[in-house]
Number of protein chains: 2
Amino acid sequence: MTDWWAELGQLQDRFWTCLCDGAAGRHPAARFLALATAGQTGGAEARMVVLRGADRGNGSLTVHTDTLSAKVSELRADPRASLLFWDPDLRLQVRLKVEVGIDTGQVVDADWQRVPEPARRVYGILPPPGADLTAPVDLATLPDRSRFAVMTCTITRIDALHLGRTTHRRAMFRRSDDWIGQWIAP
Amino acid sequence: MTDWWAELGQLQDRFWTCLCDGAAGRHPAARFLALATAGQTGGAEARMVVLRGADRGNGSLTVHTDTLSAKVSELRADPRASLLFWDPDLRLQVRLKVEVGIDTGQVVDADWQRVPEPARRVYGILPPPGADLTAPVDLATLPDRSRFAVMTCTITRIDALHLGRTTHRRAMFRRSDDWIGQWIAP
């Protein structure tokens, strides 16, 4: 039997399993992903996001956000972003280049209905994210449906790196190549 | 006694302990950080890097890299980047805005001397990172001293977010304010 990291198809199956399990809350290493965006005055920003959905058929990932968070402004200015996770047990790094669409309003009604009541409170914190506070918990937290947004991250490229104890293997999977995969130098 | 996440000074002490322990290999959550850089054709790139040094006095972090990696080109084009870690046990996210200087040559001789022999082999892989391979391990790995670079990440701003079970607290620490810290909305 071939090791999963030694064959392009098995490698791809493995990281999609991580992503689907991460979205379902069953795989901690792929539950929180780093999201990198272009900064609005140059440079780059990064923060963790919670993976809410993974659709291998469409090659897309779903994340929820507050419309008043800085990432929404950044992604509206430049929707080309990256998502990243590192699985220490598998010794696997996965970098995903994505184009992010942001949906709000009626189109995300069904998603909002599935957000549990306690989690809805994060979509209503006032003052908005990043505003100065005099005391750390000087906040109003009234759920505000209009601030709930769904980010659909359409994957254009996946860069998977396995850091084995003796060998490092790295492969690139591109939407434009129908995800067939190509070994590249690590 | 105050909880560490409820007081600006203790919060700052805590994440610096994470960073210093991460650099020393004693704290896995802060050993591998996500590094976000501006993409050379727009958007943003992200990958994990290994934290090699943390200097609270200077407010800087150290990372090693191969001069032929894409991040070096990206950082030479725009040195404003972000580093990020998430500590699941502490429920603490730390986002660091940095300006990255890249040193090579004689000035990093002492750093190179401290790189163990097996690790030196990653600074010599041919073809260079990202090049297509016909087979996954079709690589030459002869240590090449000239490809070793030290990235000094001078921190300009630190954004710390504690996701407590009942309350979320977030603070911003700025070099320009001498790191005194300010609570901000989460």
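The model is predicted, and it holds two copies, of which chain A can be laid on chain B with an RMSD of 0.0 Å by a turn of 180 degrees and a shift of 0.0 Å along the axis. The two copies are thus related as by a two-fold rotation axis.

**Chain A as a whole**

- Chain A contains four helices and 10 strands, and from the N terminus on these elements follow the order α-β-β-β-α-β-β-α-α-β-β-β-β-β.
- The C-alpha trace of chain A spans about 55 × 35 × 30 Å along its principal axes, and 37% of the 186 residues of the chain count as buried.
- When contacts in chain A between residues at least 6 apart in sequence are considered, 56% of them join residues at least 24 apart.

**Strand β4 and its partners**

- Strand β4 of chain A, residues 80-87, has six of its eight residues buried, so this strand is largely enclosed by the rest of the structure.
- On one hand, β4(A) is joined by three bridges to strand β1 of chain A (residues 32-38), and the two strands run antiparallel; within this pairing, Ala34(A) has Leu84(A) as its bridge partner.
- On the other hand, β4(A) pairs with strand β5 of chain A (residues 92-103) over eight bridges, again in the antiparallel sense, and here the bridge partner of Ala81(A) is Val98(A).
- β4(A) and β5(A) also form a hairpin, with four residues between the two strands.
- In a regular strand the side chains alternate between the two faces of the sheet.

**Where the chains meet**

- In the contact between the copies, 43 residues of chain A meet 43 residues of chain B, and the strands β1, β2 (44-55), β4, β5 and β10 (182-184) of chain A each supply at least two residues of the side that touches chain B.
- Sorted by class, that side of chain A has 27 nonpolar, nine polar and seven charged residues.
- Because 100% of the interface residues of chain A are also interface residues in chain B, the copies meet through the same surface.

**The nonpolar core**

- The largest nonpolar core has 87 residues, and those with the most contacts inside it are Ala34(A) and Ala34(B).
- Leaving aside residues up to four places away in sequence, Ala34(B) touches Ala34(A), Ala46(A) and Leu84(A) from chain A, together with Ala46(B), Met48(B), Leu83(B) and Leu84(B) from chain B.
- In soluble globular proteins, nonpolar side chains tend to be buried together.

**Backbone features to look for**

- Most residues other than glycine have a negative phi, and most peptide bonds are trans.
- Arg91(A), although it is not a glycine, has a positive phi of about 55 degrees, and with 14 C-beta neighbours inside 10 Å it counts as partly exposed.
- In chain B, Arg91(B) is found in the loop between β4 (80-87) and β5 (92-103), where this residue has a positive phi of about 55 degrees and, with 14 C-beta neighbours inside 10 Å, counts as partly exposed.
- The peptide bond from Leu126(A) to Pro127(A) is cis, with omega near 0 degrees, and Pro127(A) lies in the loop between β6 (125-126) and β7 (140-141) of chain A.
- In chain B, the peptide bond from Leu126(B) to Pro127(B) is cis, with omega near 0 degrees, and Pro127(B) lies in the loop between β6 (125-126) and β7 (140-141) of that chain.

Note on methods. Residues are numbered from 1 along each chain as its sequence is written. Chains are lettered from A and ligands numbered from 1 in the order in which they are written. This is a predicted model: local features need pLDDT of at least 70, side-chain atom pairs count only at pLDDT 80 or more; totals for chains, interfaces and linings use all residues. Copies are superposed by least squares on the C-alpha atoms of residues with pLDDT of at least 70 in both. Two residues are in contact if their C-beta atoms, placed from the backbone, lie within 7 Å. A residue is buried if 20 or more other C-beta atoms lie within 10 Å of its own, exposed if 12 or fewer, and partly exposed in between; C-beta atoms are placed from the backbone. Two strands pair if DSSP finds at least two bridges between them. Ala, Val, Leu, Ile, Met, Phe, Trp, Tyr, Cys and Pro count as nonpolar, Asp, Glu, Lys and Arg as charged, and the others, Gly among them, as polar. A nonpolar core is a set of buried Ala, Val, Leu, Ile, Met, Phe, Trp, Tyr and Cys residues joined through C-beta atoms within 7 Å.
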